[in-house]
Amino acid sequence: MSEVRPKKALGQHFLTDLRIARDIADALISSPDTCTDVLEVGPGMGVLTRFLLQRPEISLRAVEIDRESVDYLLVNFPQLDGALIEADFLKLDLSNFFKSSFCVIGNFPYNISSQIFFKILDWRDRVPQVVCMIQKEVAERIAEKPGTKTYGILSVLLQAWYDIEYLFTVGEGAFNPPPKVKSAVIRLTRNSRSELGCDAEFFKTVVKTAFGQRRKTLRNSLKPLVLSKASREGWDAERTGAFTSSPEFDLRPERLSVEDFIALTLKLS
């Protein structure tokens with residue numbers, strides 16, 4: 001079968017540099033207890049798949065939405081027969097395919113990379129490690145520490161549950177067609193946190209609301225959540241003002257660490 005035609009609607013930029021593909025595959029750290037089951041997201045033409053299949057210690061599954069790519073993969077990688085899922089990863093019920101923990105690897109389509117990470121967060125207790133190539137700017141944002149302009153929603157939510165390593169940068173020429181931006185490979189390793197100490201969904205709401213107006217102080221950006229708490233507690237305007245007079249409400253969201261956001265979530269609960 002001839003090569004697959006990259007589809008703009010699916011955000012496809014096929015990696016063609018075999019050296020980089022091997023480096024990505026090698027970045028997945030497996031052990032007898034971790035990453036024996038692996039899911040590759042969006043294998044495309046299998047440039048990364050071929051190196052994953054060479055690792056006997058892992059059991060590989062792959063999920064691909066593009067029918068043309070599925071046909072190509074089954075012809076060129078018959079080992080995937082029975083292990084290739086034709087589906088949209090974002091809509092996939094992963095419990096139908098994995099009964100215990102599994103690791104995720106892939107060259108994520110740039111246009112849905114954030115949505116992929118949000119899905120991984122939903123499965124964080126089953127996904128101990130993620131190795132992925134994404135847009136360099138997004139990779140930097142995810143790995144960033146508090147106090148910078150690139151630190152944002154994904155930084156906080158992912159760092160709450162994972163240790164993030166920025167591994168290496170990939171130039172535009174490694175792809176067909178070449179993207180207009182550089183790419184980067186990162187590794188996420190589940191940390192030891194089993195719970196936040198606050199409601200995890202409300203924590204997500206606080207983080208998203210705070211960064212929704214990131215140029216404003218938390219006193220302004222979190223006003224809806226403050227007023228909601230004031231209503232529940234039956235506070236008057238004076239008591240509400242006193243609540244938001246504490247120093248953290250003078251800050252912008254990028255100044256707060258994960259622990260700061262946990263404390264803020266508890267305060268607003």
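Contact means heavy atoms within 4.5 Å of each other. The model is a predicted one, in which local features need pLDDT of at least 70 and side-chain atom pairs count only at pLDDT 80 or more, while totals for chains, interfaces and linings use all residues. Residues are numbered from 1 along each chain as its sequence is written, and side-chain values use heavy atoms, with hydrogens and water left out.

**Exercise 1. The protein as a whole**

Task: Describe the overall content, extent and surface of the protein.

Solution. 

Step 1. Of the contacts with a separation of 6 or more, 69% are between residues 24 or more positions apart.

Step 2. The protein has eleven helices and nine strands; helices (H or I, at least four residues) and strands (E, at least two) are DSSP runs, numbered from the N terminus.

Step 3. Along the principal axes, the C-alpha atoms fill a box of roughly 70 × 40 × 30 Å.

Step 4. Of the 269 residues, 48% are buried. Buried means under 20% relative accessible area, exposed over 50%, and partly exposed in between (1.4 Å probe, protein chains only).

Step 5. The protein exposes about 12900 Å², of which carbon and sulfur atoms supply 49%. Accessible areas come from the Shrake-Rupley method with a 1.4 Å probe; for residues, only the protein chains shown count as cover.

Step 6. There are 36 positive and 35 negative side chains, and the centres of the two sets lie 5 Å apart. Lys and Arg count as positive and Asp and Glu as negative, without His and the chain ends; the place of a charge is NZ of Lys, CZ of Arg, CG of Asp or CD of Glu.

**Exercise 2. Aromatic rings**

Task: Determine how many aromatic pairs there are, and examine the pair of phenylalanine 211 and phenylalanine 261.

Solution. 

Step 1. Rings of Phe, Tyr and Trp (its six-membered ring) pair if their centres lie within 6.5 Å; planes under 30 degrees apart count as stacked, over 60 as edge-to-face and the rest as tilted.

Step 2. By this rule there are seven aromatic pairs. For phenylalanine 211 and phenylalanine 261, the ring centres are 5.9 Å apart and the planes stand at 35 degrees, so the pair is tilted.

Step 3. This pair links distant parts of the chain, with phenylalanine 211 in helix H7 (residues 200-212) and phenylalanine 261 in helix H11 (residues 258-268), 50 residues apart.

Step 4. Beyond its neighbours within four places in sequence, phenylalanine 211 is in contact with residues including Tyr151, Val156, Pro253 and Phe261.

Step 5. Elsewhere, Phe98, Phe102 and Trp123 form one aromatic cluster.

**Exercise 3. Charges over rings**

Task: Identify which rings have the charged end of lysine 119 or arginine 239 over them.

Solution. 

Step 1. A charge sits over a ring if NZ of Lys or CZ of Arg is within 6 Å of the ring centre and within 35 degrees of the ring normal.

Step 2. The charged end of lysine 119 sits over the ring of phenylalanine 89, 5.3 Å from its centre.

Step 3. The charged end of arginine 239 sits over the ring of tryptophan 235, 4.3 Å from its centre.

**Exercise 4. Cysteine 35 and valine 63**

Task: Locate cysteine 35 and valine 63.

Solution. 

Step 1. Cysteine 35 lies in the loop between helix H1 (18-26) and strand E2 (37-41). Cysteine 35 is buried, with a relative accessible area of 3%, and its phi is near 60 degrees, a positive value in a residue other than glycine.

Step 2. Valine 63 is in strand E3 (residues 59-64) and is buried, at a relative accessible area of 2%.
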